[in-house]
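Work through the exercises below with the sequence and the model side by side. Try each task before reading its solution.

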Amino acid sequence: MPKFKDKLSQMHSFSNNVLNPFTVDIISNTEALVCGSKGIIEYSDSTVKINCGEITVIFQGNDININSLSSEEIIIKGQLIRIDFINY
């Protein structure tokens, strides 16, 4: 049976993501749009890591580039092979 402390921790994590929402729209295997990010952690031609609060979104593939970057959205283009969502 889960402890109350564990349940409370899960609820807190969920509420933080609701208060700081982000979206990832996959247009195809060649383009993705991220809205609501807090910045770029890592960028190379094979990997882009984006800070989305408690979650890091990692795009991996070939010839990846950031096509557009603004305070509201990031557009990533290239051959997207893998997308991971890491919760810290």
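The model is predicted, so local features need pLDDT of at least 70 and side-chain atom pairs count only at pLDDT 80 or more, while totals for chains, interfaces and linings use all residues. Residues are numbered from 1 along each chain as its sequence is written, and side-chain values use heavy atoms, with hydrogens and water left out.

**Exercise 1. The overall fold**

Solution. Step 1: apply the DSSP rule, in which helices are runs of H or I of at least four residues and strands are runs of E of at least two, numbered from the N terminus. Step 3: turn to burial, where buried means under 20% relative accessible area, exposed over 50%, and partly exposed in between (1.4 Å probe, protein chains only). Of the 88 residues, 25% count as buried. Step 4: take the accessible surface by the Shrake-Rupley method with a 1.4 Å probe. It comes to about 5,900 Å², and carbon and sulfur atoms hold 54% of that area. Step 5: look at contacts, meaning heavy atoms within 4.5 Å. Among contacts with a separation of 6 or more, 44% are between residues 24 or more positions apart.

**Exercise 2. From β3 to β6**

Task: How many bridges join β3 to β4, β4 to β5, and β5 to β6?

Solution. Step 1: β3 and β4 (residues 47-52) are joined by four bridges, and Y43 faces V48 in β4. Step 2: β4 and β5 (residues 55-69) share six bridges, with T47 opposite Q60. Two residues separate these strands in a hairpin, and G53 in the turn has a positive phi of about 85°. Step 3: between β5 and β6 (residues 73-87) there are 12 bridges. Here Q60 has R82 as its bridge partner, and the hairpin runs through three residues.

**Exercise 3. T47 and D45**

Task: Is T47 buried or exposed, and is D45 buried or exposed?

Solution. Step 1: T47 belongs to β4. Its relative accessibility is 11%, so T47 counts as buried. Leaving out residues up to four places away in sequence, T47 touches E42, I58, F59, Q60 and I64. Step 2: D45 sits in the loop between β3 and β4. D45 has a relative accessible area of 53% and is therefore exposed.

**Exercise 4. The cysteines**

Solution. Step 1: a disulfide is a pair of cysteine sulfur atoms within 2.5 Å. Step 2: the sulfur of C35 lies 9.8 Å from that of C52, its closest cysteine sulfur, and this is too far for a bond. Step 3: the disulfide count is zero. Step 4: C35 is partly exposed at 22% relative accessibility, whereas C52 is buried at 2%.

**Exercise 5. Salt bridges**

Task: Which residues form the three salt bridges?

Solution. Step 1: a salt bridge needs a side-chain nitrogen of Lys or Arg within 4 Å of a carboxyl oxygen of Asp or Glu. Step 2: K77 pairs with E31, the closest N and O atoms being 4.0 Å apart. K77 is in β6 and E31 in β2 (residues 31-35), 46 residues apart. Step 3: E42 and K49 meet at 3.5 Å, N to O. E42 is partly exposed at 34%, and K49 is partly exposed at 27%. Step 4: D84 and R82 meet at 2.8 Å, N to O. D84 is buried at 18%, while R82 is partly exposed at 47%.

Key
Pairing = 2+ DSSP bridges.
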